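Here is a friendly briefing on helix packing, an aromatic pair and a pocket. Please keep the model open while you read.

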Amino acid sequence: MKDGTVPAGSAGSGTKSAIKGVTTTLDFIDFGSENYYEEDQQKTKAERKKLPENITSQQLYKDILRIAWPSLIELFLSSLVNMVDTMMVGRIVGTEALSAVGLATQPKFIFMSMIMALNTGATALVSRARGANDQEKANIILRQSMVFAAIISIVCAIVGTMTSKYLVIFMANGGMSDDIIKEATLYLQIQMIGFPTGALAFSVTAALRGTGNTKPAMVYNIIANLVNILGNWLLIGGNLGFPAMGVAGASLATVIGQLVGTILALACVFSGRYYLRLRISWKNLFKFDKDILSGLVTVGLPAMIEQLIMRAGVIIFTRMIAGLGPVDYSTHQVCLNIQSMSFMLGQAFATAATSLVGQSIGKRRLDMAQHYSRCCQQLGAMLALMLGLLMVIFRKYLVMLYSTDGAVIARGATILFFVAFLQPIQSGQFITGGILRGAGDTKAVALYMLLTVVVIRTVLCYIMVNLFHLGIVGAWIAQCADQCTRTLLFIRRYNKGYWKKIKLLS
C-alpha cells in the first residue's frame, strides 16, 4: 500500500473503485455487517484485543504514521511560526509588545471556536463517507461545510473588528498600560479583517484530514508559514524599504500568509487529486442535504459549545494572570507558546485517530476502530515522554529564545517544569478526545470542558493566586489539575464505549 491510486478490485470489497490519495489497511478489508454494534457487544475483552485475520500491528502503525507525520510537520511549522512571531515581537519591539499580542490572541480564539466546531463535524462526516467509499457524499459535505464557514467567518470578521477595543480592555483586567491596549487593539483588528481567509483554509484542511490526506495541508501550510515569516522580517522592524510596523506588522504578515495558504488549499480541492473535488455553482451553492446538515449540527453544535466553554475558561484564567502585571503575563505567554509546540504531537496523532476511527465506523468495522485507537495512544504516549524530558533539560534555553529579561527567564524556567510534566497527559487527552470527536461523541466532551476548564481551573487559580499568593506558579498548578482531570474523564468515556453506536449518516 502507498499513496496514490489503488487498482480496482485489488483486495477486499473496499476497493471496488479507484481511490485517490492516501490508502490504508481499511481499503483492503471487507465491510462489516449491518449489525456491527450488536456483534461488538457480544465479544469478550480478549476477543476485542485480537487483531483480524491477516492484519498486523505493524500495518496499523504504518497507517497511523502515514497520516500523522504530514500533520505533525504541518502543526510543528505552524507552531514554529507562532514562536518566531513571538520571538521577533519580543526581541525587536520589547516585553510590552508580547503582552499586546497575548491580549489579542484569546479574543481571536473565541471567534475561531465557531469554525473549529464546524470543522469537527466536517472531519467526522467526511471520514465516515470515506470509510463507506461514498465519494460523492464526501464532496457534498466539503461544499456545505465551506459555505457555512464563509458565512460564519464574515459575520465574525464584522463583529470582531467592531468590538476589538472592548475585548482587549476586558482581557487586560486593569493590569496593562494604555499603549499596550492600543497595540493589542490594532493587532486584533487586522486579524479579524483577514479572518475569512484563514477560516476557508481550515475548512479544507479539516475535510482533507477526514479522508486521511494530510500531505496537501502540510505543503500549503509550509508555504503560508514561509510567507508569514518573510512578512514578519519585512514589516515588524522594517526591512528592504518596508515600514517598521511593530506589532501591527506581525499581524498583517499573518493575514497575508493565511491568504496564500487559502488560495493553495482551494487549488487542492478544485483539482480533485486528493479524493475530494469541490464543485460550486450558483445552482448548488445554497443547496443543503438534510442528512449532512443534521450530522454537522449533531457533532458541530456540541463541539462549538465545547470550544466556547474552553475559551471562556481560558479567558477568565488569562485575566487573572494579566492582573499580576506585564512580567508574569509575558512569562505566561512565553510558556504557553512553548507548550503550544508540544501540542503538535497529541494533535497529529489525534488527527490520525479521528480519520481512521471515523473511516472504520463508516466501514462498519468497530474492531479496526478500537485497534487504531490503541495504537495511536501508545505512539503518542511514547513520544510525549521523550519530549517532556527534553523540555526539562533545555527549559532555560527555550525561554531565552523569547526574551532577554532576567525575571521572565527565571520564572519561565520554573513554569516549564509544569509544561514537561503535562506532556504525556495532554497527549492522551488530545488523542482520546480526537477519537470521541471523530465518532461524534461531542456532547460528553463539552460537559467535561465545562467541569475542568471553567470550574476546576478557574476556581483553583483564584484560590492559588489570591488566597495563597503563589502568583504564576499557582496559576499553572491549577492548569495541571485541569489537564489531569480532563484526561481521566476522556479515558473513562472512551472505555464506556458509547462512541461506538453514534450514527451520523444514513
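Contact here means heavy atoms within 4.5 Å. Helices are DSSP runs (H or I, at least four residues), numbered from the N terminus. This is a predicted model, in which local features need pLDDT of at least 70 and side-chain atom pairs count only at pLDDT 80 or more, while totals for chains, interfaces and linings use all residues. Residues are numbered from 1 along each chain as its sequence is written, and side-chain values use heavy atoms, with hydrogens and water left out.

**Helix α14 with α16**
- In α14, I425, Q426, G428, Q429, T432, G433, I435 and L436 meet a set in α16 made up of Q483, C484, R486, T487, F490, I491, R493 and Y494.
- Sorted by class, this contact of α14 with α16 has 7 nonpolar, 7 polar and 2 charged residues (Ala, Val, Leu, Ile, Met, Phe, Trp, Tyr, Cys and Pro count as nonpolar, Asp, Glu, Lys and Arg as charged, and the others, Gly among them, as polar).
- The axes of α14 (residues 423–438) and α16 come within 9 Å and cross at roughly 40°; axes are lines fitted to C-alpha atoms, for helices over the stretch in contact, and angles run from 0 to 180 degrees between N-to-C directions.
- This crossing of α14 and α16 is left-handed, meaning that the near helix is turned anticlockwise from the far one by less than a right angle (right-handed if clockwise).

**Helix α11 with α16**
- For α11 and α16, the axes come within 11 Å and cross at roughly 30°, and the crossing is right-handed.
- D328, T331, H332, C335, L336 and Q339 in α11 meet I472, W476, Q479 and Q483 in α16.

**Aromatic pairs**
- The structure holds 3 aromatic pairs (rings of Phe, Tyr and Trp, its six-membered ring, with centres within 6.5 Å; planes under 30 degrees apart count as stacked, over 60 as edge-to-face and the rest as tilted).
- The rings of F343 and F430 are edge-to-face, because their centres are 5.2 Å apart and their planes lie at 70°.
- F343 sits in α11 (residues 326–362) and F430 in α14, so the pair ties together parts 87 residues apart in sequence.

**Largest pocket**
- Among the 15 residues that line the largest pocket, R48, Q370, Y494, N495 and K500 lie nearest its centre (on a 1 Å grid over the protein atoms alone, a pocket is an open set with protein on both sides within 12 Å along at least five of seven lines; lining residues have an atom within 4 Å of a point).
- α12 gives the largest share of the lining, 4 residues.
- By class, the lining has 3 nonpolar, 6 polar and 6 charged residues.

Definitions and conventions:
1 Å grid on protein atoms, 1.4 Å probe; cavity = no way out; pocket = protein on both sides within 12 Å on 5 of 7 lines; lining within 4 Å. Helix = DSSP H or I, 4+ residues; strand = E, 2+ residues; numbered from the N terminus.
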